[in-house]
Amino acid sequence: MSPKRLFCETEPCLEQPLEKRRPRLTFASIIGDVVMVNSQNHLLKALEPLLRRVVNEEVDRCLLRYSRLLPRASSLRIQALEPSSFLLYFVNNLPSTIFTGSKITDVESQPLRIAVEAGADNPAFQVYSAMKIEIVVLDGDFASGDKQDWTAEEFNASIVKERSGKRPLLHGEMNITLRDRAATIGDIEFTDNSSWIRSRKFRLGARIVDGSDSDKNRPRIREAITEPFVVKDHRGELYKKHYPPMLHDEVWRLEKIGKEGVFHKKLSNYNIKTVQEFLKLFTIDPQKLRRILGVGMSERMWKATVKHAQTCELGNKVYMFRAHNVLLILNPICEVVRAMIDDQIYSSQDLHNIPPEYLMNLSRQAFDNWHSLQDFEGNFREPPLITQGNEEDNDLMVKKSLFRSCELMREEVEFRDWNFNSDQFISTSIHYNYG
């Protein structure tokens with residue numbers, strides 16, 4: 001009787017590993033997969049137009065650049081090895097921000113000028129002393145980094161034209177004549193902002209107009225470019241900050257305070273409407289000013305606002321506060337600059353001899369009665385110190401000079417009061433240069 005064979009020996013197919021069981025699908029897992037796929041599809045559909053536009057812009061830029069460069073590749077290599085000895089350049093600098101519809105000027109609001117830098121003393125340049133210059137707009141990324149030289153083709157490939165359906169990007173006098181190696185740019189302005197290009201910035205460029213000179217063998221004059229700058233719509237100018245701010249500027253001209261914003265409204269509720277009123281309260285009670293702005297203004301924002309406000313130009317006007325045996329001279333932000341207490345004169349260097357609490361109390365009284373103070377226009381300076389001779393004599397001269405200044409101011413106030421109280425009022429204003 002033959003022995004029984006084991007089942008595993010007769011079934012070679014069972015020697016292969018058994019398949020893992022397929023996990024059971026639940027209704028919740030199916031719904032989760034569908035939601036994930038739909039979310040991914042919506043995201044891809046939302047990103048597709050943006051990615052397509054960016055890719056199209058970059059492809060168009062590359063095709064335009066290399067289509068101009070390829071036909072003259074050999075000439076480019078020669079030009080790169082032979083930099084021009086004649087260089088156009090902008091004499092003055094442009095501001096970092098320019099607004100559409102506004103005349104383009106330099107940082108000091110002066111007209112832009114173009115000149116020739118190197119090689120102008122070369123006698124050969126006199127032949128080309130009268131040439132036509134064209135002002136163009138360049139991409140802000142052109143000649144970025146350490147690049148100091150470029151070819152004419154590279155310059156031309158970076159010129160920015162207006163958007164489809166828009167007016168020409170520059171409007172005004174774009175063509176000028178170079179005479180005596182210099183020229184002044186007339187009225188030009190931007191018609192569109194710079195937010196639609198990748199760099200978000202423009203440059204101005206200046207180049208010699210082809211055919212402006214009859215001699216075609218003239219050496220190349222390298223184009224001029226400005227530093228990159230941002231162009232914003234004109235409506236943004238209505239909200240721009242002032243650097244430095246002025247005393248009469250509205251308080252929203254300060255950094256971190258937006259026009260009609262939360263901080264602007266809080267300050268207005270306390271009748272703080274100008275930079276001067278902001279600084280006056282900061283001098284007298286900075287903690288109160290901080291409380292008015294509230295916790296919504298962080299410490300970093302607070303410091304930025306105060307720092308900007310303190311760059312304000314105070315001018316020459318001073319104010320006089322009078323109390324019993326007290327006369328204070330204050331600047332426009334309620335800081336004491338001179339004092340006369342019980343016929344004792346205190347210069348700005350001597351104010352520390354007055355008890356701080358007493359002086360602050362007088363300053364608060366002046367602040368509370370600000371609209372009744374007498375104001376004076378003048379150059380209120382300390383008398384010059386004499387370095388030679390007796391120190392006591394020098395101190396006496398300073399005291400006498402300050403005393404005389406205070407007396408003149410007091411006489412003027414009394415003269416005004418007399419005119420005002422007289423039967424025939426005479427409007428009189430006397431101005432002194434104190435010092």
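The model is predicted: local features need pLDDT of at least 70, side-chain atom pairs count only at pLDDT 80 or more, and totals for chains, interfaces and linings use all residues. Residues are numbered from 1 along each chain as its sequence is written, and side-chain values use heavy atoms, leaving out hydrogens and water.

**Arg203**
- Arg203 sits in strand β9, residues 202–208. Strands are DSSP runs of E, at least two residues, and helices are runs of H or I, at least four.
- Arg203 is buried but has no salt bridge. Buried means under 20% relative accessible area, and exposed over 50% (1.4 Å probe, protein chains only). A salt bridge puts a side-chain nitrogen of Lys or Arg within 4 Å of a carboxyl oxygen of Asp or Glu.
- A polar atom of the Arg203 side chain lies 2.7 Å from the backbone oxygen of Thr226.

**Nonpolar cores**
- The largest nonpolar core has 31 residues; Phe190 and Leu204 touch the most other members. Such a core joins buried Ala, Val, Leu, Ile, Met, Phe, Trp, Tyr and Cys residues through side-chain atoms within 4.5 Å.
- Another core, of 21 residues, lies apart from it and includes Ile257 and Met297.

**Helix α5**
- Phe263, His264 and Leu267 are buried in α5, residues 262–269.
- These buried residues fall within an arc of 100° seen down the axis, so they line one face of α5. The arc uses directions from the helix axis to the C-beta atoms.
- Exposed Val262 and Asn269 are on the face turned away from the buried side.
- Just after α5, Asn271 has a positive phi of about 60°.

Definitions and conventions. Lys and Arg count as positive and Asp and Glu as negative; His and the chain ends are not counted. A polar contact is a pair of N or O atoms within 3.5 Å; within protein, one must be able to donate a hydrogen and the other to accept it, and residues adjacent in sequence count only if both atoms are side-chain atoms.
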